[in-house]
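Student: I would like to go through this model with you. Could we begin with the charged pairs and then move on to other topics?

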Amino acid sequence: MIYFCTYNLGDPNVMSISSTISTFTGLIPVLLLVPLYKKFGNAGTAMLGSVIAGGGFLVMFVTGCPTGTTYIVWNVIGGIGITMASAALPQVTMDCIDYNEWKTGHKNTSVIMSAYGIGTKIGLAFGTSIAGLVIGAVEFDPNAAVQPEPVLNAFFHLSVTIQMFDYVAIFLLMLFVYRIEKKLPEMRKEVEARKNELQAGA
């Protein structure tokens, strides 16, 4: 992002301005999480956040994000969605644990939470490595004041395009969870009934 702001937008301060504003606007979805959960559910809240985040990146993708002001406005708006989706994902994970217990008869909370943590770390590690490989492949020269078009395109796609598709993917995954989320109360009752039967049989 700092490379994108420096070379594509011509002002590295754009990133710090955007991040500072996002710190405060990010409180908006946090304060609204309870009513959002009640109205849309956990997966629905994550889907809504994905739409807002993906929409912000989509606007930047379509317009080419020509100015620093454009970046700040849409990155801040997208940041609201990012916060919303990020806050909902742990709740969705817990719903998936309940669904898995209903489906298999086993509650594997530790396995799923471990996979969640490991997956996040692997994603960060590979994401950083891939970004480095892409920048190396386009022969980025950190000493050059002006970068050639392939380098600028790489910064743009790493900062905008890939993130846009990330939130499209999250939306599609949450759509699956959203479909089963409405049935979770019934599933939980069924699981409790099974447990009671086992205890009575013992």
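Student: Which helix do Glu190 and Arg194 both lie in, and how many residues apart are they?

Tutor: Both lie in helix α8, four residues apart, about one turn of the helix. Helices here are DSSP runs of H or I with at least four residues, strands are runs of E with at least two, and both are numbered from the N terminus. This is a predicted model, in which local features need pLDDT of at least 70 and side-chain atom pairs count only at pLDDT 80 or more, while totals for chains, interfaces and linings use all residues. Residues are numbered from 1 along each chain as its sequence is written, and side-chain values use heavy atoms, with hydrogens and water left out.

Student: Why does a spacing of three or four places matter in an α-helix?

Tutor: An α-helix has 3.6 residues a turn, so residues three or four places apart point the same way.

Student: What do the side chains of Glu190 and Arg194 form?

Tutor: They meet in a salt bridge, at 2.9 Å from N to O. The term denotes a side-chain nitrogen of Lys or Arg within 4 Å of a carboxyl oxygen of Asp or Glu.

Student: How many salt bridges does the structure hold?

Tutor: It holds five. One of them joins Asp95 and Arg188, whose closest N and O atoms are 3.1 Å apart. Asp95 lies in helix α5 (residues 68-104) and Arg188 in helix α8 (residues 184-201), so this pair ties together parts that are 93 residues apart in sequence.

Student: Is Asp95 buried or exposed?

Tutor: Asp95 counts as buried, at 6% relative accessibility. Buried means under 20% relative accessible area, exposed over 50%, and partly exposed in between, with a 1.4 Å probe and protein chains only.

Student: And which residue pairs with Glu101?

Tutor: Glu101 forms a salt bridge with Lys195, the closest N and O atoms being 3.2 Å apart. This pair links distant parts of the chain, with Glu101 in helix α5 and Lys195 in helix α8, 94 residues apart. Glu101 is buried, with a relative accessible area of 9%, whereas Lys195 is partly exposed, at 33%.

Student: Changing topic: which residues form the nonpolar patch on the surface?

Tutor: Phe24, Leu27, Ile28, Leu31 and Leu32 form it, with about 540 Å² of accessible area together. Such patches take residues with over 30% relative accessible area and no salt bridge; like charges are joined within 9 Å, and nonpolar side chains (Val, Leu, Ile, Met, Phe, Trp, Tyr) within 5 Å. The areas come from the Shrake-Rupley method with a 1.4 Å probe, and for residues only the protein chains shown count as cover.

Student: Which helix gives the most to that patch?

Tutor: Helix α3 (residues 27-31) does, with three residues. Leu27 has its place in helix α3 and is partly exposed, at 46% relative accessible area.

Student: Where does α7 bend?

Tutor: Helix α7 bends by about 45° at His157, the bend being the angle between axes fitted to the seven residues ending there and the seven starting there.

Student: Finally, where is confidence lowest in the protein chain?

Tutor: It is lowest in helix α6 (residues 109-137), at a mean pLDDT of 80, and highest in helix α4 (residues 33-63), at 93. The chain mean is 88, and 99% of its residues reach 70 or more; pLDDT is the predictor's confidence in each residue, from 0 to 100.
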